[in-house]
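Here is a short briefing on one protein model. Look at the sequence and the structure first, then read the points below.

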Amino acid sequence: MITPNELTQCMNLARALDLITSSRTIAGTLYVYNAGGQSRPWEAFMAEYPLERLQAMVHRL
């Protein structure tokens, strides 16, 4: 389970990398949106972009 601090870190990094532009909770599920307006559940996003990967992507910039 992800901590609130890790969630904040992930959201900030994902926004900085332009992977997501916004988020919204619908029926108790957090969804993130990309610049094209496409949404996906946070769990699916995190499966592809865990915190460690986001951190590595930022360090490569």
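The protein has three helices and three strands. Along the sequence, they follow the pattern α-β-β-β-α-α. Helices (H or I, at least four residues) and strands (E, at least two) are DSSP runs, numbered from the N terminus. This is a predicted model: local features need pLDDT of at least 70, side-chain atom pairs count only at pLDDT 80 or more, and totals for chains, interfaces and linings use all residues. Residues are numbered from 1 along each chain as its sequence is written, and side-chain values use heavy atoms, leaving out hydrogens and water.

**The sheet**

- Three strands form an open sheet in the order E1-E2-E3, and the pairing is antiparallel.
- Strand E1 (22–26) and strand E3 (39–41) stand at the edges. Each has a single partner strand, so one side of each is left without a neighbour in the sheet.
- From one strand to the next, the twist averages 30 degrees. Axes here are lines fitted to C-alpha atoms, for helices over the stretch in contact, and angles run from 0 to 180 degrees between N-to-C directions.
- Strand E2 (residues 29–33) is joined to E3 by three bridges. Two strands pair if DSSP finds at least two bridges between them.
- Tyr33 stands opposite Ser39 in E3.
- Strands of a sheet pair through backbone hydrogen bonds, either parallel or antiparallel.

**Helix H3**

- Which residues of helix H3 (residues 51–60) are buried? They are Leu51, Leu54 and Met57. Buried means under 20% relative accessible area, exposed over 50%, partly exposed in between (1.4 Å probe, protein chains only).
- Seen down the axis of H3, these buried residues fall within an arc of 125 degrees, so they line one face of the helix. The arc is that of the directions from the helix axis to the C-beta atoms.
- An α-helix has 3.6 residues a turn, so residues three or four places apart point the same way.
- On the other side of H3, Glu52, His59 and Arg60 are exposed.
- The cover over the buried residues of H3 includes helix H1 (4–16) and helix H2 (42–48). Contact means heavy atoms within 4.5 Å.

**The whole protein**

- Of the 61 residues, 26% count as buried.
- Along its principal axes, the C-alpha trace spans about 35 × 30 × 15 Å.
- Among contacts with a separation of 6 or more, 35% come from residues 24 or more positions apart.
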